[in-house]
Amino acid sequence: MSILLTRRNFVTFTAGLAFSTAAGGRIVLAQAKSLVIATSLPSLSFPFFVHMQRQLQAEAKSLGDIQLIETDGQNSVPKQTADVEAAITQKVSAIIISPLEVNAMAPALEQAVKAGIPVVTIDRQVRGVSGILAHVGADNVKGGEAQAEAIMRAFPNGAKIFHLQGQPGAGPAIDRNKGLHNVLDKAKDKYQIVFEQTANFARAEGLSVTEAGLAGKGKPDVIVCANDDMALGAMEAVKARNLTGIAIYGFDALPEALKAIRAGQMAATIEQFPGEQSREAMRIAVSYARDGKKPETQVKLLTPVAITKENVDKAERISEVS
């Protein structure tokens with residue numbers, strides 16, 4: 001049953017309710033369309049994606065009358081593909097996904113688009129599939145450039161650098177690597193990357209790869225990592241050898257990394273606002289599923305910023321740091 005309110009008496013409307021203006025200036029308040037939205041993240045073993053999932057949940061609750069089907073890719077393309085295929089079979093209202101590997105997940109997302117299901121990607125953009133409703137993410141090339149620029153500010157006379165890369169095939173890993181090299185390669189004579197290897201975005205591999213670098217190349221001035229988990233692993237390796245004077249740079253602004261920055265154990269991390277990415281993706285998916293409204297731009301990229309001890313209080317998740 002619709003509720004009719006005059007403009008004078010209308011003050012607000014609750015989550016899950018939609019409104020429109022009828023003839024005579026009346027406001028018609030009605031129950032919003034109930035939705036079932038599937039969310040898929042690469043692996044909920046990573047704190048970064050746990051935070052994104054929580055923000056998706058929070059925005060869905062705020063918008064109201066949305067059932068989430070939450071799936072964990074478990075760091076497996078076949079698992080994430082199966083989850084997308086199941087969502088297609090269930091004829092969900094929309095799919096919000098951060099693909100584990102952008103190229104490998106393209107066929108499954110193409111199936112969803114052909115089935116008429118709106119798809120919004122977050123964090124990792126799939127460029128080979130036409131018809132994806134929107135992408136919301138960070139400009140990871142600019143994020144990698146911000147890392148390099150922070151290193152150059154801290155080491156104006158040059159530095160010997162270890163570089164721990166992200167998971168091969170993952171969009172953020174590719175773009176962050178590109179951004180870092182965009183800047184550092186222009187000054188190779190001063191900023192020498194003497195050791196460069198993937199640690200697959202994993203903390204344990206960050207530790208073991210750093211140990212291998214230290215054993216083979218000696219002590220660097222800088223260890224720059226494509227995410228905070230690898231940076232925290234590198235920090236453990238440095239501590240185990242009682243080494244000092246090594247500046248460690250991460251990416252993602254995890255609470256644990258922010259705490260390490262405050263304590264002087266890490267030099268910096270890159271904030272890419274994953275919570276806002278998730279919330280905006282949910283808003284876009286719901287707006288289209290309920291009202292057929294497309295976003296103003298198909299790709300929305302947030303600009304990452306370097307977080308150091310001087311501006312750590314500006315990080316999105318600083319409230320989680322004890």
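Please keep in mind that the model is predicted.

**Aromatic contacts**

Let's start with the rings. A pair of aromatic rings is described by the distance of the centres and the angle of the planes. The structure holds three aromatic pairs. One of them joins Phe-46 and Phe-49: their ring planes stand at 85 degrees with the centres 6.3 Å apart, so this pair is edge-to-face. Phe-46 and Phe-49 are both buried. Together with Phe-48, these two residues make up one aromatic cluster.

Another pair is formed by Phe-162 and Phe-195. Here the ring centres are 5.2 Å apart and the planes lie at 55 degrees, so the pair counts as tilted. Which parts of the chain does this pair tie together? Phe-162 belongs to strand S9 (residues 159–165) and Phe-195 to strand S10 (residues 191–198), so the contact links parts that are 33 residues apart in sequence. Phe-162 is buried, at a relative accessible area of 0%, and Phe-195 is also buried, at 12%.

Rings can meet charges too: Arg-176 places its charged end over the ring of Phe-251, 3.8 Å from the ring centre.

**Cavities and a pocket**

Now for the empty space. Rolling a probe the size of a water molecule over the atoms shows where empty space is left. Searching the whole structure turns up three cavities of 30 Å³ or more.

| Space | Volume | Lining by class |
|---|---|---|
| Largest cavity | about 120 Å³ | six nonpolar, two polar, six charged |
| Second largest cavity | about 50 Å³ | five nonpolar, three polar, one charged |
| Second largest pocket | about 200 Å³ | eight nonpolar, five polar, one charged |

What lies nearest the centre of the largest cavity? Of its 14 lining residues, those are Phe-48, Phe-49, Phe-201, Asn-227 and Asp-252. Helices H1 (47–63), H5 (171–184) and H7 (228–240) each contribute at least two residues to this lining.

The second largest cavity is lined by Pro-42, Phe-46, Phe-49, Asn-75, Leu-100, Arg-124, Gln-167, Asn-200 and Phe-201.

Two or more lining residues come from each of H7 and strand S12 (247–249). H7 gives the most, with three residues.

Finally, a look at strand S6 (residues 94–97), which is covered on both faces. Ala-94 and Ile-96 point to one side, Ile-95 and Ile-97 to the other, and all of these residues are buried.

Which strands pair with S6? Strand S4 (residues 35–41) pairs with S6 in the parallel sense over four bridges, and Ser-40 stands opposite Ile-97. Strand S7 (residues 119–122) also runs parallel to S6, joined by three bridges. In that pairing, Ile-95 stands opposite Val-119.

Technical notes. Residues numbered from 1 in each chain as written. Predicted model: local features only at pLDDT ≥ 70, side-chain atom pairs only at ≥ 80, totals over all residues. Heavy atoms only, no water. Phe/Tyr/Trp six-rings, centres within 6.5 Å; stacked < 30°, edge-to-face > 60°. Buried < 20%, exposed > 50% of the residue type's maximum accessible area, 1.4 Å probe, protein only. Lys NZ or Arg CZ within 6 Å of the ring centre and 35° of its normal. 1 Å grid on protein atoms, 1.4 Å probe; cavity = no way out; pocket = protein on both sides within 12 Å on 5 of 7 lines; lining within 4 Å. Points joined across faces, edges and corners; volume = space filled by probe spheres on them. Nonpolar A, V, L, I, M, F, W, Y, C, P; charged D, E, K, R; others polar. Pairing = 2+ DSSP bridges.
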